[in-house]
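Here are my notes on the complex. Please read them with the model open.

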Amino acid sequence: MATRLPPIDVVLVGFGWTGAIMGQQLCDAGLDVLALERGVWRDTPTDFAPTFAQDELRYMWRHHLFQNLANDTLTIRNNTNQQALPMRRLGSFLLGNGVGGAGVHWNGQIWRFLPSDFKAYSHNRERYGNAAVKAYDMTVQDYPFTYEEIEPYYDMFDKVCGTTGKAGNLRGQIQPGGNPFEGARSSEYPNPPLPLTYGPTLFAEAAAKLGHKPFPHPNGNMSRPYTNPLGVQLGQCTYCGFCEKFGCGNYSKASAQTTILPYLMTKSNFSLRTECQVLKVEKTADGKRATGVTYIDSAGKEFFQPAEIVILSAYVLQNVHLLLLSGIGKPYDPKSGEGVVGKNYAYQTMGSVNVFFKDKILNPFIGAGSLASVVDEFNGDNFDHSGLGFIGGGYLAQMNTGGRPIEMIYTPEGTPRWGLAWKQAAAQNYLRSLNISCHGSMMSHRGNYLDLDPTYRDGFGRPMLRMTFDFTDNERKMSAYIVGKAAEIGRAMDGASSIKAASRKGSWSVVPYQTTHNTGGAITGDNPRNSVINKYLQNWDVSNVFVMGAGAYPQNAGYNPTATLAALAYHSAAVIKNQYLKNPGPLVQG
Amino acid sequence: MDAKRFDRRGLLIGGVLVGSAGAASALRDGQLGAPPQNYSGTLPWKEGVADVPPIAEPGGFRFFTDAERAFIEPAIDRLIPPDSHGPSASQADVHVFLDRQLAGLFGRGDHFYLGGPWPKGTPEQGYQSRLSPAQVYRATIPAIEGYVREKFRGMKFIQLPVGGQDQVLKDLESGKAALANADGQLFFTMFLQNVLEGYFSDPIYGGNKDMAAWKMIGFPGAHYDYREWAGRHGQRVPFPQVSIKGRPGWSEA
């Protein structure tokens with residue numbers, strides 16, 4: 001029997017980026033906030049100090065900071081004709097766990113979606129016709145708000161993170177050296193770009209030669225010491241090359257730990273409980289209000305925590321799982337197309353081009369998470385898609401994230417995977433090759449969704465989450481197109497002797513690492529028939545439940561998801577503070 | 001917003017590593033493994049506590065039997081043979097690395113989900129065995145020796161000429177080798193990955209002896225600060241290789 005705890009104003013389920021943002025915002029508004037985190041406390045000096053952080057085996061390959069699948073996994077399949085089986089080993093995506101969540105081990109890539117990305121349905125329909133947004137069983141939808149509405153919150157996140165970069169569009173004025181395609185920014189980046197290492201420099205020169213407009217990747221890796229508006233300090237990046245999949249030992253990568261927690265943890269109206277797994281959101285008899293959450297701690301004790309507001313701020317897959325287990329919202333049915341929870345699950349369509357040089361020493365190990373040159377000519381609707389047979393696109397970037405040798409030795413086309421020829425190719429090419437990342441969008445499709453598995457159960461006896469997902473020809477054609485453009489840049493690079501291109505082909509596989517950009521399943525929309533949450537991330541049915549994260553995205557844009565989910569959290573917090581608290585109830589009439 | 005400043009550089013300087021590696025990391029690794037904690041009013045931090053890496057201990061073999069070593073040691077040297085560029089896998093102690101990994105948490109399937117049922121999956125569904133890595137090695141090596149015995153008239157893998165050894169490994173890789181009660185392709189995928197891990201990971205885990213694999217490719221290792229070199233294009237970084245264990249601040253209390 002669960003022990004009933006004293007009630008609290010707000011309970012946060014999960015304590016990564018969105019949990020930290022909502023905790024800070026709502027504590028500053030005077031509310032008593034409790035965060036429940038299933039993992040452990042983690043912080044820089046104890047958990048990823050520079051004395052032992054540069055350890056590829058432990059963090060990348062032994063998953064030390066990641067979700068342990070022995071305790072929690074999901075089932076996976078490509079389509080409804082298959083039986084879903086458990087994801088037994090992390091591969092395609094690397095889920096986070098513990099305080100800071102996946103934001104501990106990200107690269108710090110801070111992108112805004114394009115204004116047209118928020119209108120993916122109406123924009124593409126208007127320009128290319130109805131068939132363009134309905135082909136391949138696409139279920140693309142518009143966001144219920146515009147880029148302009150959330151721009152102030154993107155700006156807020158930039159200032160908290162100390163984002164480095166060069167504006168390309170400052171209040172409507174196109175700026176040289178920045179991304180000319182981006183939506184209008186209200187202010188310049190808080191910090192200047194990182195210095196470019198050799199690979200990104202060669203990429204930028206080749207791209208410019210082809211008429212593109214390369215620019216430095218916007219990111220949360222500090223180009224200089226920075227103090228954010230919360231008074232928290234970050235240090236200058238030292239380009240150690242251990243960023244994504246690792247915690248930063250140097251306070252140089254924006255994370256909940258390095259930007260918000262030192263401020264939030266000292267607030268007397270905030271508390272955090274670790275090793276506490278929320279099992280269910282409890283509701284009133286009429287199902288219209290949440291009464292709180294039931295959780296179990298690592299000592300095996302069960303508690304009921306009453307709360308006025310329940311905020312689901314775990315990773316997208318956990319948030320959707322909890323909605324389904326708690327009976328909040330109607331589950332999506334791919335046959336009828338009805339129901340909303342689990343609908344429009346999407347991902348990212350990744351491709352790559354390796355470029356090899358005979359006599360250039362590139363020193364790939366001098367890196368930072370998003371130390372890169374980028375071109376955005378082939379992202380979103382920045383180019384004419386007429387006759388191409390797909391919508392969407394992606395950015396192309398020469399990212400110098402590091403030269404970790406188990407993961408990042410590139411060998412030319414035709415090299416065997418082992419033996420003397422492999423060894424010689426590895427010795428020859430490690431210092432003399434680079435990778436162009438082709439980071440593509442993923443539209444939503446009728447057959448891609450999340451629901452509860454009928455067979456497999458988790459350690460608490462609950463049905464596992466089931467993921468049914470595959471790429472379609474929209475993504476495969478898009479990937480072939482943008483990888484082709486990256487190959488042109490690769491061939492144009494000074495001194496390039498050969499390239500090796502890989503676009504997205506065949507079905508999605510859980511085996512090779514692609515990216516931890518899972519989206520959708522708890523999408524935002526303009527009415528309860530097409531979405532789980534309204535524009536303020538408030539659930540349509542249970543008005544004191546708010547659902548954070550990339551689950552809100554009706555489809556995934558060709559950019560990394562973090563800045564947008566942070567902006568949506570700030571947007572939600574502003575409306576909770578300014579409207580909801582005065583008059584609790586639905587903020588948008590369905 | 002509160003304009004209070006937080007200077008955490010001071011904390012970093014004191015970050016000396018002490019404590020029992022095994023116990024500390026087992027406790028901290030993964031959810032629902034440590035006691036529940038309540039944090040309020042302050043940023044929690046304890047002096048002298050760090051989540052230090054689990055270091056491979058020296059000494060004899062912990063996992064492999066002699067019969068298994070008679071397969072493993074020649075096989076890893078076919079995957080990474082000796083030549084003038086750098087050491088072979090066994091010269092870099094990759095077999096020691098494999099032994100310690102299989103005797104430890106990885107061997108036991110830490111971070112794998114191994115619960116049933118276990119129907120055969122599609123290639124896209126990835127690892128679908130009920131076996132932990134240690135069980136995969138233990139079950140597959142005798143099955144490979146059985147396959148070799150049958151195919152090469154009673155010989156053992158170690159007795160084959162290198163061309164024959166390569167052929168056996170290729171047959172495992174392609175799935176062509178039909179093994180009794182074991183999945184040769186699943187084994188090969190794991191084996192090749194583990195050999196690369198042993199060759200290129202930090203020497204604290206038992207392989208990459210003398211950091212020779214890093215020297216071969218030109219990776220300086222666990223360096224922390226390349227700021228001076230970010231803008232020097234095309235020049236070789238002259239830093240000697242360094243392991244986590246060779247770093248200032250390392251102590252084995």
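1. Terms and ground rules. Two strands pair if DSSP finds at least two bridges between them. Helices (H or I, at least four residues) and strands (E, at least two) are DSSP runs, numbered from the N terminus. This is a predicted model: local features need pLDDT of at least 70, side-chain atom pairs count only at pLDDT 80 or more, and totals for chains, interfaces and linings use all residues. Residues are numbered from 1 along each chain as its sequence is written, with chains lettered from A and ligands numbered from 1 in the order in which they are written.

2. Confidence. The predictor assigns the complex an ipTM of 0.97 and a pTM of 0.95. pLDDT is the predictor's confidence in each residue, from 0 to 100. Its average over chain B is 87, and 84% of the residues score at least 70. Be careful with residues 1-32 of chain B: pLDDT stays under 50 there.

3. The sheet in chain A. Six strands form an open sheet in the order β8-β16-β17-β18-β15-β21, with antiparallel pairing. β8 (215-216) and β21 (496-502) are the edges; each has a single partner strand, so one side of each lacks a neighbour in the sheet. Four bridges link β16(A) to β17 (residues 394-399) of chain A in the antiparallel sense. A:Val375 sits opposite A:Leu396 in β17(A).

4. The contact between chains. Two residues are in contact if their C-beta atoms, placed from the backbone, lie within 7 Å. Chain A supplies 92 residues and chain B supplies 89 residues. On the chain A side, elements giving two or more residues include α7 (198-209), β12 (276-283) and α11 (420-429). That side divides into 44 nonpolar (Ala, Val, Leu, Ile, Met, Phe, Trp, Tyr, Cys and Pro), 15 charged (Asp, Glu, Lys and Arg) and 33 polar residues (the others, Gly among them).

5. β11(A) and β1 (residues 37-40) of chain B run antiparallel, joined by four bridges. A:Ser271 stands opposite B:Ser40 in β1(B).

6. Backbone points to check. A:Tyr251 has a positive phi, near 55°, and is not a glycine. Its loop runs between β10 (233-234) and α8 (256-259) of chain A. A:Asn363 also is not a glycine, yet its phi is positive, about 45°. Are these residues buried (20 or more other C-beta atoms within 10 Å, placed from the backbone) or exposed (12 or fewer), with partly exposed in between? A:Tyr251 is buried, with 27 such atoms within 10 Å. A:Asn363 is buried, with 27 C-beta neighbours inside 10 Å.

7. A cis bond. The peptide bond from B:Gly116 to B:Pro117 is cis, with omega near -5°. B:Pro117 lies in the loop between α4 (94-103) and α5 (133-151) of chain B.
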